[in-house]
Amino acid sequence: VWCKRKLPENFVVEYEVTPLSASGFFLIFFCYKGQDGKSILDETHFKDRDHPTLFKKYTKGRLDGYHISYRRNDAANCNFRKNSGQVLMKQHAIDKILPANRAVHVSLSKNGGRFILKVDGTVFMDFTDDRTRDGKIREGGHIGLRQVYESEGVYDNFRISELK
């Protein structure tokens, strides 16, 4: 699911998610746009079917952005990746598994090149993009939420705030 509203350069995105399945793999795609500068929601990118899966389209295609994935089973971890290319920038073990059937508050902030993901106040990821991969920090674009495998969840109270 992609949010139609574009992200400001620096922001905080907050929402509640209630995991419903026994395990889960949740992803947040953000600062996403085409390498041509067009919106990911532009018809050219929206109708791009040159990749075998949507995930490969988002991570290895003609789109740039970041994504954070976090698992909520016995192998709980959190990965921060820069795209295109699915380059692992940082991995963080999670010692707190998200409970099923209980809402948690998720907060993702971007301030310059620093990104912080918190779940119920616990830092799942704190990373600063120092531009060493390709010389640029991803900015603006769109945010999208995705679940894969046997993940089920309900989202509520989604909001975007600009950081000044």
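Q: Ground rule: strands here are DSSP runs (E) of at least two residues, numbered from the N terminus. With that, where does Ser84 lie?
A: This is a predicted model. Ser84 sits in the loop between strand 4 and strand 5, and strand 5 covers 87-93.

Q: And the peptide bond from Asn83 to Ser84, cis or trans?
A: It is cis. Omega for that bond is near 10°.

Q: Where is Cys31 found?
A: In strand 2.

Q: Is Cys31 buried or exposed?
A: Buried. Its relative accessibility is 1%, and buried means under 20%.

Q: What about phi of Asn157?
A: Positive again, at about 55°. Asn157 is not a glycine either. Asn157 belongs to strand 10.

Q: How does Asn157 count by accessibility?
A: Asn157 has 43% relative accessibility, so it counts as partly exposed.

Q: Switching to strands. Why is strand 1 called largely enclosed?
A: Strand 1 spans residues 11-19, and eight of its nine residues are buried, so the rest of the structure largely encloses it.

Q: Which way does strand 1 run against strand 6, parallel or antiparallel?
A: Antiparallel, with seven bridges joining strand 1 to strand 6 (residues 104-111). Strand 1 is also joined to strand 10 by eight bridges, and that pair is antiparallel too.

Q: Which residue stands opposite Glu14 in strand 6?
A: Ser107. In strand 10, Glu14 faces Arg159.

Q: Now the inside. Which residues of the largest nonpolar core touch the most other members?
A: Ile28, Phe30, Tyr70, Phe80, Val106, Leu117 and Ile143. That core holds 32 residues.

Q: Which elements give two or more residues to this core?
A: The contributors are strand 1, strand 2 (25-34), strand 3 (63-71), strand 4 (77-83), strand 6, strand 7 (114-119), strand 8 (122-128) and strand 9.

Q: What lies apart from it?
A: Another core, of nine residues. Trp2, Phe25, Phe29 and Ile40 are among them.

Q: Aromatics next. How many aromatic pairs are found in the whole structure?
A: The search gives 14. One of them is Phe30 with Phe115. Those two rings are 5.7 Å centre to centre, with 50° between the planes, and the pair is tilted.

Q: What does the pair of Phe30 and Phe115 tie together?
A: Phe30 is in strand 2 and Phe115 in strand 7, so the pair links parts 85 residues apart in sequence.

Q: How does Phe30 count, buried or exposed?
A: Phe30 counts as buried, at 0% relative accessibility. Phe115 is buried as well, at 1%.

Q: What about the rings of Tyr66 and Phe115?
A: Their centres are 4.7 Å apart and their planes are at 55°, so this pair is tilted. Tyr66 lies in strand 3 and Phe115 in strand 7, so the pair ties together parts 49 residues apart in sequence. Tyr66 is buried, at 0% relative accessibility.

Q: Which residues form the aromatic cluster?
A: Phe30, Tyr66, Phe80, Phe115 and Phe127 form one cluster.

Q: Which residues line the largest pocket?
A: Val1, Trp2, Cys3, Ile143, Gly144, Leu145, Arg146, Gln147, Tyr155 and Phe158. By class, that makes seven nonpolar, two polar and one charged.

Q: Which strand gives the most to that lining?
A: Strand 9, with five residues. Strand 9 (142-148) and strand 10 (153-162) each supply at least two.

Q: How many cavities of 30 Å³ or more are there?
A: One. The largest cavity has a volume of about 30 Å³.

Q: What lines the largest cavity?
A: His45, Asp48, Lys57, Arg62 and Leu63.

Conventions:
Residues numbered from 1 in each chain as written. Predicted model: local features only at pLDDT ≥ 70, side-chain atom pairs only at ≥ 80, totals over all residues. Heavy atoms only, no water. 1 Å grid on protein atoms, 1.4 Å probe; cavity = no way out; pocket = protein on both sides within 12 Å on 5 of 7 lines; lining within 4 Å. Points joined across faces, edges and corners; volume = space filled by probe spheres on them. Helix = DSSP H or I, 4+ residues; strand = E, 2+ residues; numbered from the N terminus. Nonpolar A, V, L, I, M, F, W, Y, C, P; charged D, E, K, R; others polar. Buried < 20%, exposed > 50% of the residue type's maximum accessible area, 1.4 Å probe, protein only. Pairing = 2+ DSSP bridges. Core = buried A, V, L, I, M, F, W, Y, C linked by side-chain atoms within 4.5 Å. Phe/Tyr/Trp six-rings, centres within 6.5 Å; stacked < 30°, edge-to-face > 60°.
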